[in-house]
Amino acid sequence: MDIQLKKGVLNLCVLSIVSKTPSYGYDIYQNINKNFKISESTIYPILRKMVTENHLDTYLEESPEGPPRKYFEITQLGKKHLKYLLEEWHVFNDHVNYIIGGHNE
Amino acid sequence: MKKKFLEALSYYLRNLEQSQRDDILAFYEERFALGISYEGKSESEIVNELESPQQIAKNVLKEFNQYDDQLFKKTPNQIETGPVIGVVLLDVFFISWFVPMMFTILASLIAGWGALTLSLFSSRFMESTTSVFGSYMFMIGVVILWLLMLAGLYEGIRQFVYWVVTVHTKAFGRGVPIQLESFFNKISVKRLINKSTQLRFYSRMLFVIGLAALIIGGFVTFAQTGMLGGFTESPEVVEVDYRVTPSSGDHLRINAELINAGIVVKTHDSSDILIVGEISENEPVEIIYDQGTLSLVQESQIRIVIFQFNFRSLSQKLTVYIPQDMIVTETEIQTTNASISVENINLAQLKASTTNGSITINNVLSNTLITLKTTNGRLNLNAVSAVNYDIITTNGKIVLRNLNDAGEPGSHLSAKSTNGNVELENVYVHQVTLKTTNGDIDYYNQDRNFFVSKIDANTTNGRTNIDVPRN
């Protein structure tokens, strides 16, 4: 899959993963990577940016099996942003499908 | 493996803001920890799994819109003259004096604070407090805050030194060497504390505890000792009424050492020595009469007063009455924040000094020397006769009227002020020295038949007006 295409939707993917359940950086990466290959090193700056923009919040969770993990959870602002991105995505998707479909006919 | 990897990554991310870089490094640090403990991998396995530090740095920098090819070049950048000159100028004109100055200020700050802290442990402080609990609490607060402040200073110095290093390496087109940078990070207290949530919590708690101990302990201690003047009652007034009958043939010698009490010495129509007046209970005056020597000594209770809210200040004054026919040999009066007045008396020698009060001598006959000294007060002499006069004030006016008006003229008179006028009227003394810096000098004698043999009048910023016959 094309790298530029992936990048455009990374924000949307990260936000929707975290909105379902709080998770830690590596977990988020693996979750996306299962579906389409991305580079781990692009995820981390995105996570950080989302925290500074207040779309995500972090907390440390201790674990009996090892060191504490830094969990990300979605904020109210993040939820709003996710909603906005989803709408944008659907509109975009529709348009692209329409164009592609039209092309096929 | 992990350490090397992270150091390399840190190096390639050197252009990022510290917090951005720290966050990215933290991700990878966590990544290692998770891989090792949850998946049982070795450090080298994880390193193999990950992209190379360069690749990661490129991606990260692109995400932060800070990608620059130059950062990944093996060869050092061309050294440009501009930044080098800049850094040399910085060294010569700023760092050369700023660093020594900073260290001087720091040293004196630390010494000063240290001394203050130590002084709190001194016996005088402990004795003056009634609440041992409060004072210990206060001291603990001071020590805690003092240590925290030291840590803060240390961190500030570390950051400043690091800044200087960065400026220099950047001027030569390089980043700070990784080893040096990790050394600076290693010795950072802030980083150490921020690393662990517990430590961060404890350090904040320590600050809060220190502050609370300081405030509560200080309040308890000082409110009780009266060091917070606002919480004390104004001192009570004590009436002085002292009477003694001198043996016949006693020659009187007066010696007064006062602090905040004014004093008036005069004669009365009785054969007793009488002292009346009002004194503060905190500053009792001990009066002793012993074979012709009358001594008045005021003691003060030394207290440290931090806030003085007492608007009503107590005026303390003593009046000393001396039998009219008693022979007075020597009178020596000393006070600090009050006035001195001597009236209607014949004596041998008079010596009076105060700091923040005026001195008034009225109708006094001395057969030797009158020495008067004040710093912030007026000096008034009227109808006085003596052989020699020595009169000094700094910020007050000197007014001399009718000296040696009748009888023998005086021999020497010296009147000196710095910021006041010197005014003489009918002063019959052979040799007169008048001096002031920022005041005027006036001298007029009504008796045109008396010739002053020598007048030495000197003012720097004032006018001199002398209308006296002289030879």
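Reader: Is the crossing of α2(A) and α3(A) left-handed or right-handed?
Author: This is a predicted model. In it, helix α2 of chain A spans residues 25-35 and helix α3 of chain A spans residues 40-52. The crossing of α2(A) and α3(A) is right-handed.

Reader: Which residues of α3(A) make the contact with α2(A)?
Author: The contact has two sides. From α2(A) come A:Gly25, A:Tyr26, A:Ile28, A:Tyr29 and A:Ile32. From α3(A) come A:Glu40, A:Ile43, A:Tyr44 and A:Leu47.

Reader: How many nonpolar residues does the contact of α2(A) with α3(A) have?
Author: By class, the contact has 1 polar and 1 charged residue. Gly counts as polar and Glu as charged, and A:Gly25 and A:Glu40 are among the contact residues. The number of nonpolar residues is 7.

Reader: What is the orientation of α2(A) relative to α3(A)?
Author: The axes of helix α2 and helix α3 of chain A are 10 Å apart, and the angle between the helices is about 125 degrees. Roughly perpendicular covers 65 to 115 degrees and roughly antiparallel needs over 145. The angle therefore makes α2(A), relative to α3(A), oblique.

Reader: What is the orientation of α5(B) relative to α7(B)?
Author: Helix α5 (residues 81-120) and helix α7 (residues 132-171) of chain B pack with their axes 12 Å apart, at an angle of about 170 degrees. Angles over 145 degrees count as roughly antiparallel. That is why α5(B) is, relative to α7(B), roughly antiparallel.

Reader: How many nonpolar residues are in the contact of α5(B) with α7(B)?
Author: By class, this contact includes 3 polar residues and 1 charged residue. Its nonpolar residues number 26.

Reader: Which residues in chain A lose the most area to chain B?
Author: Between the chains, 23 residues of chain A are in contact with 24 residues of chain B. The area buried is about 2000 Å², and carbon and sulfur atoms give 58% of it. Three residues of chain A together account for 32% of what that side buries: A:Tyr26, A:Tyr44 and A:Arg48.

Reader: Which residue of chain A forms a salt bridge with B:Arg31?
Author: Chain A and chain B have 3 salt bridges between them. In the one formed by B:Arg31, the closest N and O atoms are 2.4 Å apart, and the cut-off is within 4 Å. The partner is A:Glu40.

Reader: What pattern does chain A follow along the sequence?
Author: Chain A has 4 helices and 3 strands. Its C-alpha trace spans about 60 × 30 × 20 Å along the principal axes. Read along the sequence, the pattern is α-β-α-α-β-β-α.

Terms used
Residues are numbered from 1 along each chain as its sequence is written. Chains are lettered from A and ligands numbered from 1 in the order in which they are written. This is a predicted model: local features need pLDDT of at least 70, side-chain atom pairs count only at pLDDT 80 or more; totals for chains, interfaces and linings use all residues. Side-chain values use heavy atoms; hydrogens and water are left out. Axes are lines fitted to C-alpha atoms, for helices over the stretch in contact, and angles run from 0 to 180 degrees between N-to-C directions. Helices (H or I, at least four residues) and strands (E, at least two) are DSSP runs, numbered from the N terminus. Angles under 35 degrees count as roughly parallel, over 145 as roughly antiparallel, 65 to 115 as roughly perpendicular and the rest as oblique. A crossing is left-handed if the near helix is turned anticlockwise from the far one by less than a right angle, and right-handed if clockwise. Contact means heavy atoms within 4.5 Å. Buried area is the accessible area (1.4 Å probe) that two parts lose on being put together, summed over both. A salt bridge is a side-chain nitrogen of Lys or Arg within 4 Å of a carboxyl oxygen of Asp or Glu.
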